[in-house]
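Q: Got a structure I'd like to go through with you. Can we take it piece by piece?

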Amino acid sequence: MESTVEDIVIVGAGIAGLATSLGLHRLGVRSLVLESSDNLRVTGFALTTWTNAWKALDTLGIGHILRQQHLQLLGNVTTSLITGQQTSTTAFANASGKHGAHEVRCVRRQLLLEALANELPSGTIRYSSKVVAIEESGLTKLVHLADGTVIKTKVLIGSDGVNSIVAKWLGLNKAAFSGRSGIRGCITLKSSHNLEPRFMQFFGNGYRNGIIPCDDKTVYWFFTWAPTEQEKKLQEDPAKMKQFVLEKLKNIPSDARNFIENTDLDDILSSPLRYRHPWELVFGNINKSNVCVAGDAFHPMTPDLGQGGCCALEDGVVLARCLGEVFCTKSGGDNRNKNGEQEEEQYKRIEASLKKYASERRWRSANIIFAAYMSGIIQQGKSKLVSFCRDKFLAAYLAGFLLKAADFDCGKLSSS
């Protein structure tokens, strides 16, 4: 049985895990990232990155890389498929290409993960490393891997997704099913798609659709709805899922519909939309001693505000900053304990840093989860009253709420 010792172990090489590791690396602190698969896992194809995400990406030093690869979106156009009328338009930036008040892009998930991973030192990510158990060992934790390896660590961070083993160890409940599901697809054309750089959104009777250009040739689309028991079976068959979506969206513009029609079946996936109850974040254990969670392991949420990945990036910056106060040599700390700091004293500082992280992130995350859930209920309302109010009065408010959620700055890596 192989045994190793680490200062900081991060479970999961997703957005939050890699962002935390890169933030620590920028501060001169080493971490080990354990990924269960044999390479970077890419699910969901793309994600909308709002202003708050770009502030975090710039803090991590990779914003310029991703800007070169993705179009800046100028605004949002929302159309009701019930009335056939546009219900709202929202400007993100002006046509000159300047960022303006809001910077929004649809970023391909693979390129985001690669940008984060490529900035890390070789050996930071350990692939094919599935965590099967977590054990207390004095002031440290023992992380047991499926291959028999045991890693002893001073800090354990769970960024291992919605089915997190670290969240389970902390006593958090499984993410709840929202009653809705999402179908996602992505298509890369051989030539330009000729779309304006805008987020096109369509509301129907109980469903929502979005079509967003990522770059000059790549288009990402999604469809969310509340499936019946019979419709849940469609999610096992990409061909049936595609046909189902096309039937629902027969009234959208033909050029938009063509992107869905021409999407390869291998580039279509479906999943239930899950979330953590906000009160569990407020009253539950998102940190305990030297263990905490980040990203979807912490705050799984419905995609109605497009903030899941953005909040994961915020988590990474805040968590790296808090732990940097303990381990970072640049801030006067010492990650080798050269000053004779006793293990117990360092443990107390680690515990305090994770409490600080939890304090900073708890309410922000709970509020976003609640707002996304309520937004989804309104946007996909089936009743005539809800649809009427949404299309006539609430469409502009909901579009503006997207920008309000993005009006947040997670700060820099160093508190000094």
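Q: Which residues make the nonpolar surface patch?
A: F370, M374 and I377 make it, and the patch covers about 280 Å². Keep in mind that this is a predicted model.

Q: Where does I377 lie?
A: In helix α11, which runs over residues 343-379.

Q: And how do residues in a helix end up pointing the same way?
A: An α-helix has 3.6 residues a turn, so residues three or four places apart point the same way.

Q: Is I377 exposed, partly exposed or buried?
A: Partly exposed: its relative accessible area is 42%. Patch residues need over 30%, so I377 at 42% clears that cut-off.

Q: Now backbone angles. What is the phi of N194?
A: Near 65°, a positive value in a residue other than glycine. Most residues other than glycine have a negative phi.

Q: Where is N194 placed?
A: In the loop between β11 (176-188) and β12 (198-203). N194 counts as exposed there, at 69% relative accessibility.

Q: What about the phi of S289?
A: That one is near 50°, again positive in a residue other than glycine. S289 sits in the loop between β16 (287-288) and β17 (291-293).

Q: Is S289 buried or exposed?
A: Buried, with a relative accessible area of 13%. The cut-off for buried is under 20%, so S289 falls below it at 13%.

Q: Last topic, helix α1. What span does it reach from its first C-alpha to its last?
A: It reaches 16 Å over twelve residues, 15-26, close to the 16 Å expected at 1.5 Å a residue.

Q: How many of the residues of α1 are buried?
A: Ten of the twelve, so the helix is mostly covered. Among them are I15, L18, L22 and L24.

Q: And which residue follows α1?
A: G28 follows, with a positive phi near 85°.

Technical notes. Residues numbered from 1 in each chain as written. Predicted model: local features only at pLDDT ≥ 70, side-chain atom pairs only at ≥ 80, totals over all residues. Heavy atoms only, no water. Patch = residues over 30% accessible without salt bridge, like charges linked within 9 Å, V, L, I, M, F, W, Y side chains within 5 Å. Areas by Shrake-Rupley, 256 points an atom, 1.4 Å probe, with all protein chains shown as cover. Salt bridge = Lys/Arg side-chain N within 4 Å of Asp/Glu carboxyl O. Helix = DSSP H or I, 4+ residues; strand = E, 2+ residues; numbered from the N terminus. Buried < 20%, exposed > 50% of the residue type's maximum accessible area, 1.4 Å probe, protein only. Expected span 1.5 Å × (residues − 1).
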